[in-house]
Amino acid sequence: MSGPALRVLIVEDEAFIALELECLIEEAGHVPVGVAARSDEAIALARDLAPDVALVDVHLADGPTGVAVAQDLSGRPGLTVLFTTANAKRVPLDFAGAAGIISKPYSERVIRAALAYLAGCHHGGAPTDAPDGVVLAPLADRGGD
Amino acid sequence: MIGLDAPRQAEAGPAQATGLSNETRFADAFRASETPMIMTDPGRPDNPIVFANPAFCRVTGYEAHEVIGRNCRFLQGPDTDPAAIARVREAVAHGEPIQVDLLNYRKDGRPFWNAMSLTPVRDERGTVSSYFALLSDVTGTRQAERALMREKEFLAQDVEARNRALQSALDQQTALLHEVDHRVKNNLQVISSLVLLKARRAQDAACRVVLRSMADRIGALATVHRLLYTLDDVSRFDLRDFADDFAIELGAGIDPERISLTVEVEALAVPASMAAPLALLMHELAVNAVRHAFPGDRRGRIAITARREGDRLVLEVWDDGIGLPDAPANPEAFGRDLVGMLVRQLRGSLVVEDLAPGTRAHVVLPLGSGSSGSGSSGSGPGSGPGR
């Protein structure tokens, strides 16, 4: 594992997917700080818990609000947003401030690799090659760090 | 022709019997013509009609004596195009000939389309001494033209309406496809999460292994669905894209120091209906090699190749491991059964060779359209192919 443990917020309305993500994040040596199923919860949790990373689905319990969530969360200093979605076409061209997209259905390996990559970035080291399975935002739009 | 001064007696009566001069003969010819003709005299106030032949009278419904001495404008009516009249006036003012289509009116008020040819006639000094007009009733032609035009407009509107309807149907189809695609992907993620959650909580190690291997199979299907509908042709599936992803997932689970993995798959668009069974097949064969060919610390190589040969796909999974196990009571026999079922479903053939050392699974699958129907799926569980 390169870099320190990341505090990860999960924005996902499917309970099983969220739960499995929590286990996976823990297993990968990071800290899942919370799960939000709705956009307002996501924004409140991001404010209260100050996570390093948010994994954001496009479709949430209150509709296709993940894009707005990404827009809001990526404006917070020190917070990197990654979309995890089965509907990458819904993500605007500028990625709404997100650093990248992980397409569903993803494998555990892709999540691990993405977190390792972000941990490397947070550590201040030169970013390695983009992890396989993650589509990075166009450079100019890349948020976080 | 200039001396055509005869119209004075206007009435289309019988020609005078006395002395058939040229002028009289001309006048008789004009009177006898089936083409409506009139002549006007610009030398007199308001350029009145001075001659009208019987054909003119038949077309317009006027008697000759009713028109002689009048300006032609009595033929005009409410729907006569003022621009056309202006063109005639212009031509007359400049002493130029003109051909024009005018909507004129008969005596009984019925309109008719008059294709008129108006020619100024000049005397020896070049002065316009009269105007000579040939008329032609082109109402039928005009109506046919207009009917054709209406038909064309109607057809154009019809085509446009159909195009709109088709586009809207296509848009709906596309939206539906995206929606279903999205749901399938999301559900695969849910299923995968469920199995992995259960695997994490399973106390029994063997149970965890089984659940993990099921999660891997679901993962192979998930990869297929992540890649389906990414080609422009949604009915095709790019086998190489799948193989690239699959190789990375497979490679992540093996120690590269111990086992080297090569995957050579041609860029190959296979029918989308083949995608899932083909992906599972590749997965089972490859995983079988990874799990069983290299027991203990044994080192070796695995090569997966897929290429097109004519209308068939040839898939090979080769390893230089221990060869075929003798014991059929392998707990992973399920994997072999799966391989057999998948090959049958794809209507292909499978040969597994013991290379001693090593194993080669050689699969030939028809790529032809309709050859990959799912109707034959797994009707004989447990009866894998002889291997």
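View 1. Among the 37 residues that line it, A:Ser107, A:Glu108, B:Arg212, B:Asp216 and B:Glu249 are the closest to its centre. Two or more lining residues come from each of α1 (15-27) and α4 (108-122) of chain A and from α5 (139-201), α6, α7 (239-252) and α8 (272-292) of chain B, and α6(B) gives the most, with eleven residues. The lining divides into 18 nonpolar, eight polar and eleven charged residues. A pocket is, on a 1 Å grid over the protein atoms alone, an open set of points with protein on both sides within 12 Å along at least five of seven lines, and lining residues have an atom within 4 Å of a point; the volume is the space filled by probe spheres set on the points. Helices (H or I, at least four residues) and strands (E, at least two) are DSSP runs numbered from the N terminus.

The model is predicted, so that local features need pLDDT of at least 70 and side-chain atom pairs count only at pLDDT 80 or more, whereas totals for chains, interfaces and linings use all residues. Residues are numbered from 1 along each chain as its sequence is written, chains are lettered from A in the order in which they are written, and side-chain values use heavy atoms, with hydrogens and water left out.

View 2. A salt bridge is a side-chain nitrogen of Lys or Arg within 4 Å of a carboxyl oxygen of Asp or Glu, and the structure holds 29 of them over all chains. B:Arg162 is exposed, with a relative accessible area of 55%, whereas B:Asp158 is partly exposed at 27% (buried means under 20% relative accessible area, exposed over 50%, and partly exposed in between, with a 1.4 Å probe and protein chains only). Elsewhere, salt bridges that share partners join A:Glu20, A:Glu27, A:Glu108, A:Arg112, B:Arg200 and B:Arg212 into one network.

**View 3. A cis peptide bond joins B:Ala356 and B:Pro357 in chain B.** Omega of this bond is near 5°, and both residues belong to the loop between β11 (349-354) and β12 (359-366). B:Ala356 also has a positive phi, near 40°, and is exposed, with a relative accessible area of 61%. Another residue with a positive phi, of about 55°, is B:Arg347, in the loop between α9 (333-345) and β11. Most residues other than glycine have a negative phi, and most peptide bonds are trans.

**View 4. In chain A, a cis peptide bond joins A:Lys104 and A:Pro105.** Its omega is about -5°, and A:Pro105 is found in the loop between β5 (100-103) and α4. Chain A comes to four helices and six strands, which follow the pattern β-α-β-α-β-α-β-β-α-β along the sequence.

Notes. On a 1 Å grid over the protein atoms alone, a cavity is a set of points where a 1.4 Å probe fits but cannot get out, and a pocket is an open set with protein on both sides within 12 Å along at least five of seven lines; lining residues have an atom within 4 Å of a point. Ala, Val, Leu, Ile, Met, Phe, Trp, Tyr, Cys and Pro count as nonpolar, Asp, Glu, Lys and Arg as charged, and the others, Gly among them, as polar.
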